[in-house]
Structures are given as structure tokens and as C-alpha cells.
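Work through the exercises below with the sequence and the model in view. Each task is followed by a solution in steps.

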Amino acid sequence: MLEQFSFMMGGPLTSGCWRIEVAVRERKVYVGAVQAASLEELPEAIAEEALVELPSGRRWLRKLDKLAIAQRWRSRFVAETPLAADTKWQLLYKEQGKNARHITGLGAFPENWASFLDCLNELPDVAIRQENHLEHIRFLLIEKVPVITGRKKTIVELREKLVIDRRKRMILYNRHKEDFGTERHAYELPKAVSQLLDGLDKPEPFEQRLHVRCIDGSDTGARLIVRWQRHDRLEAGLTCRYDAQDMPLDWPLFLRMLHEAMGGIRGRFFALDRFPLADATTSVRQP
């Protein structure tokens, strides 16, 4: 059972900075929260006499326990390329009869971070605005490809669907070739899913980094239909060409990470010949 919980976070993606304290005494749960404009303005601790009893404390503890913080969270979460403005957070988590866990983060979070903040937002006077990160994204690639059967060459429609789902912690990949059937793959990869979705949103939201050109009925190139859902539950989508002109400049890096996580799977979605890696981080897309 939890004995002590002390949490602090702040950054540009939060509405103010927060310190939250939880203490369990004689099977009762006491909580306190302070909000400030900056991390420097937060107190080092909240006085025990300032904590108030949480009426539904036992139910709240059960919800917190399901997150398995002591078992699943590592001690440090740092983005591979942290930004100066990234959210900073730290947590002291102490269970009865066990050593305290000290966990810190800078621009990186556990895979169940959204559920963790939902849990905190149930406490009195706590209203942490969620970082509106990607929860789910689906790519559908549609392309006409040549197929040779015997001496005959025909053109068939190929559809490849890739889904990355943060809540299910899954990557799903289906490939359907007209008249040739469908193959399906599923991967449960909690860490890779979080890294891939977070990576799509840096340095700015993924959908803002796509260059969408008009596609009409005469267009015979590969089309990519993208649908996504963020933490606010609002869904959106768009259609673009699947080539280097429409996709973000760092798309080849994302494909390599995805390809490695999925064990080197093959498919037109992963065809890197469409996206030259050279100068991917410095070149400028031409209109």
C-alpha cells in the first residue's frame, strides 16, 4: 500500500506548475496541491497539517495501484533530443515497508502517463491540462503495383494499413493485394509505441509537418490516408501523396525506427527508396 507520494511538474505544455502530495495514515488518504506560475515558485513541500482527507481515498489508491508505478516505471525518462522548453517532472513514490522510488523526467514520459494524469486530476484542486499528445494514428497506403504471373504482367491495387495505438500499446500492420489475399501482423511494444508517437510530434505536431497537395482522379501515384486521435479524443485526418515532397523531412528516420521495432518487416510502406535520407534534417522542401 502507498505510504507517501510527492509529485512536481512544470513546463510550457502544462497550465502552470504543480506540486501534489499524498500521504496515507491509519488507512486514510490525505492530499494537498499547490499551483504556481513557475517551478521556482513552488514550495519544496506541502506541510502535513495542510493536507486534507480524501473521502474516496481507498478507491483512488486502487486506481493508482493499477498503474504499477513501482514495477513498471524506470528511474529516469529523458527524450533522445530534449528541447529546452520540455516539461520537467519528478516523483517520489514510497510504499509501506519498501524503499522510496525517485523518478524524474524531461520531455519523456511512461507509456501510461495519460492515465496517471487522469488519476491526479481526480484529486481536490488539481486540474492539470493534459499534453495533447497522439494516442492513435492510422496510415492507409493505396498504390497500383505491377504483378507478374507466368508471362503475364498485370496492375493490381495494393493496400497497406499501419496502426500505432498508445492505449493498446500495439502496432498493427495489414497488407492486402488485390486478388492475392491479406497478411496481418501484430506487435505488442509498449516502449516503442510511445517513442514512435512522441517522435512524430517533434519538433511540432505531425499533421502540421505534412505538405498536402491537391489529389484528383488522374493522379496515379501512391496515396496515403492518415487518421489520428489525440488525448482530447478529437479525431482528424487527411490524404496526401506518399513521397518525399509531402512527408516530413525526418520521415526516413521514423521509418527506420519503425522498421527496426517490427523486426525488419517488408512492405511498400517501408520502401526507403521513396525518401532519401541524405540531408534529411537540413534540406528544405521545394514548393
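**Exercise 1.** Decide whether phenylalanine 116 is buried or exposed, and describe its ring pair with tryptophan 113.

Solution. Step 1: buried means under 20% relative accessible area, exposed over 50%, and partly exposed in between (1.4 Å probe, protein chains only). Phenylalanine 116 has 0% relative accessibility, so it counts as buried. Tryptophan 113, at 2%, is buried as well.

Step 1: rings of Phe, Tyr and Trp (its six-membered ring) pair if their centres lie within 6.5 Å; planes under 30 degrees apart count as stacked, over 60 as edge-to-face and the rest as tilted. The ring centres of tryptophan 113 and phenylalanine 116 are 5.4 Å apart and the planes are at 40°, so this pair is tilted.

Step 2: the two residues are 3 apart in helix α3, about one helical turn. Helices (H or I, at least four residues) and strands (E, at least two) are DSSP runs, numbered from the N terminus.

A note on the source: this is a predicted model, in which local features need pLDDT of at least 70 and side-chain atom pairs count only at pLDDT 80 or more, while totals for chains, interfaces and linings use all residues. Residues are numbered from 1 along each chain as its sequence is written, and side-chain values use heavy atoms, with hydrogens and water left out.

**Exercise 2.** Classify the ring pair of phenylalanine 5 and tryptophan 60, and say which elements hold the two residues.

Solution. Step 1: the centres are 6.4 Å apart and the planes stand at 85°, so the pair is edge-to-face.

Step 1: phenylalanine 5 belongs to strand β1 and tryptophan 60 to helix α1 (residues 57-65), so the pair ties together parts 55 residues apart in sequence.

Step 2: phenylalanine 5 has a relative accessible area of 0% and is buried. Tryptophan 60 is also buried, at 0%.

Step 3: one aromatic cluster includes Phe5, Trp60, Trp113 and Phe116.

**Exercise 3.** Where is aspartate 201 found, and which residue does its side chain join in a polar contact?

Solution. Step 1: aspartate 201 sits in the loop between α4 (190-200) and β12 (223-230). Its relative accessible area is 18%, so aspartate 201 is buried.

Step 1: a polar contact is a pair of N or O atoms within 3.5 Å; within protein, one must be able to donate a hydrogen and the other to accept it, and residues adjacent in sequence count only if both atoms are side-chain atoms. The side chain of aspartate 201 makes such a contact, of 2.7 Å, with the side chain of arginine 230.

Step 2: contact means heavy atoms within 4.5 Å. Leaving aside neighbours within four places in sequence, aspartate 201 touches His133, Leu134, Phe206, Arg209 and Arg230.
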